[in-house]
Amino acid sequence: MARHRLAVAPLRRRFETEAPAELPRVAALVAAERPADPMHCLRPRLIAATARRFLAAFPGEVMYAVKCNPEPRVLRALWAGGVRQFDCASPAEVGLVRQMFGADAEIRYMHPIKARPAIRDAYRLHGVRDFSLDSADELAKILEEARSRRGVAQALGLHVRLALPKGEAVYDLSGKFGAPADEAAALLAAARPHAERLGLCFHVGSQTMGPQAYRDALALAGRVIARSGVTVDVIDVGGGFPVSYPGLVPAALDDFVAAIREGVAALGLPGIRLWAEPGRALVAAGVSVVVQVHHRRGNALYINDGIYGSLSDAGVPGFRFPARLIRAQASAVLEGFELFGPTCDSADRMRGPFLLPDDVREGDYIEIGQLGAYGGALRTAFNGFDRAHLVDVGDPPLLQTPGHPAA
Ligand SMILES: *Cc1c(COP(=O)(O)O)cnc(C)c1O
C-alpha cells in the first residue's frame with residue numbers, strides 16, 4: 001500500500017485527559033501553558049450532548065457529515081452521543097470511520113461523483129452499500145463497481161441527489177451537484193430495479209437560517225417522486241442545519257424539525273424513511289481556538305492563526321465569530337477589531353469585526369468560538385504555519401444556538 005504524505009500536521013494533543021472527573025477550563029490552561037501555537041479547545045461533552053439532542057429531535061436516522069470535522073476526538077464524542085451513521089465523501093473518510101469504529105458504524109457514501117476505485121473499495125473492503133448519484137453515468141459507474149469479486153451487487157442503496165434552487169443558505173450547495181427535477185425523476189426510475197433502498201436526497205445549503213427551505217425542498221421532492229412513477233424508500237434531507245454566529249441567530253432546532261415533519265406528512269407517502277446528514281449543527285460549538293496577539297496596529301491585530309489555518313471562513317466568506325479576551329483585568333469597553341493571520345499573504349485578513357476590550361495588546365490570548373465546523377478541517381500547511389494543539393475543555397460554548405444544549 002502506498003504511503004501518502006499528510007498535507008497538514010495532525011493536531012497534537014498536549015494534555016492527557018482520558019475520562020477525568022473534571023475537564024479543565026480554557027483560561028486555566030492558557031495561564032498554565034502560555035501556548036505559542038493555536039490551541040484548539042475541544043468540548044467533548046458538549047458535542048455528545050448536541051448529538052443526543054439532535055438524535056432525539058429528528059424523526060429519522062441521523063448520519064454525521066464527516067467532512068465538517070474529521071478529528072478523531074470529535075468523532076469519538078459524537079459516538080458517545082449516540083451517532084452510529086456517517087456520511088462520508090472520500091476514501092480517506094470511509095477508511096477513518098471504519099478504522100475507528102469497526103463494523104458497528106454504518107457508512108454511506110453521499111458524494112454524487114466518485115472515482116471508480118473509491119466505489120470499489122468502499123463496497124468490497126468497507127461494506128458500504130449506500131451511494132448517491134446525480135447522473136446516468138454515475139449510476140452506471142456504481143452498478144459496474146459496487147459488486148463483489150463474484151460480480152454480485154447486494155443490498156444496494158441508491159440515492160438520487162436533487163438540485164435545489166438557490167435559497168437563503170449562507171453557502172449554496174446546489175451549484176455543483178444535483179440533478180434537475182425531470183432528470184432526477186428519470187434517474188429514480190432507472191435506479192429502481194437495482195436498488196434495495198431507493199432514495200432521494202438534497203442539500204438546502206449550509207447554514208440555512210430558516211425552516212422554510214426544508215418545506216420547499218420536500219415539496220419539490222414530492223413532485224419528483226410522483227413524476228418518477230416508482231416507489232421511493234428514503235428521503236434524505238441532507239445537512240444545512242444552522243448554528244448561531246454573532247449577528248446571525250437562526251430559528252430553533254425544533255422549528256426545523258417541525259417543518260420537516262410537516263413537509264414529509266404533506267407528501268402522503270406512508271412508510272417513507274427519513275434521513276439527515278448534519279455537519280455544522282453537531283460540532284460547530286464544540287471547538288474554539290485560542291490564538292495569541294503578535295502585534296497590534298490600530299484596531300488590527302496580527303495573530304498566530306488565519307485563513308490558511310482554522311479561520312478560513314472568517315476570510316472571504318466573511319463569517320463573524322464570537323471572541324473573548326483571556327486576561328483577568330481588561331477594559332470594559334469593547335471595540336471592533338479586524339485580524340490578520342501569520343502568513344505573508346495579504347488575503348490572510350479577517351475583517352470581522354471581532355468585539356474585544358479596547359486595551360487588547362501584544363502577547364494577549366483571544367479565544368475564538370464556533371470553530372468546530374469547517375475550522376480545523378480546512379487547515380493548510382501554507383507558509384509553515386501548521387502547528388496547533390488540541391486539548392479537551394469543560395467550558396460552555398461562546399455562543400448559544402436556539403434549541404441546542406447550553407453546556
Ligand atoms: C457538507 C455536506 C453535509 C453537511 O452540511 P452542513 O451544512 O455542515 O450540515 C451534508 N451532506 C452533504 C452531501 C454535504 O456535502
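**Cavities and backbone in a predicted model**

Guide: This predicted model holds three cavities of 30 Å³ or more.

Visitor: What makes a space count as a cavity?

Guide: A 1.4 Å probe fits there but cannot get out.

Visitor: Which residues line the largest cavity?

Guide: Its lining is made up of L46, I47, T50, V243, A281, L282, V283, A284, A285, G286, T401 and H404. Helix 2 (44-57) and helix 10 (280-283) are the elements that give two or more residues to this lining. By class, eight of the lining residues are nonpolar, four are polar and none is charged.

Visitor: Why is the largest cavity said to lie between domain 1 and domain 2?

Guide: Domain 1 (22-42 + 284-392) and domain 2 (44-283) both give residues to the lining, so the largest cavity lies between them.

Visitor: Which residues line the second largest cavity?

Guide: Among them are L46, T50, A285, P397 and L399. The class count for this lining is five nonpolar, four polar and no charged residues.

Visitor: Why is Q207 called buried?

Guide: Buried means under 20% relative accessible area. Q207 has 0%, so Q207 is buried. The residue sits in the loop between strand 8 (197-201) and helix 8 (212-228), and has a positive phi of about 55° without being a glycine.

Visitor: What is the phi of R34?

Guide: The phi of R34 is near 40°, again positive in a residue other than glycine. R34 is in the loop between helix 1 (26-33) and strand 2 (39-42).

Note on methods: Residues are numbered from 1 along each chain as its sequence is written. This is a predicted model: local features need pLDDT of at least 70, side-chain atom pairs count only at pLDDT 80 or more; totals for chains, interfaces and linings use all residues. Side-chain values use heavy atoms; hydrogens and water are left out. Helices (H or I, at least four residues) and strands (E, at least two) are DSSP runs, numbered from the N terminus. Buried means under 20% relative accessible area, exposed over 50%, partly exposed in between (1.4 Å probe, protein chains only). On a 1 Å grid over the protein atoms alone, a cavity is a set of points where a 1.4 Å probe fits but cannot get out, and a pocket is an open set with protein on both sides within 12 Å along at least five of seven lines; lining residues have an atom within 4 Å of a point. Grid points are joined across faces, edges and corners, and a volume is the space filled by probe spheres set on the points. Ala, Val, Leu, Ile, Met, Phe, Trp, Tyr, Cys and Pro count as nonpolar, Asp, Glu, Lys and Arg as charged, and the others, Gly among them, as polar. Domain bounds come from an automatic or database domain assignment.
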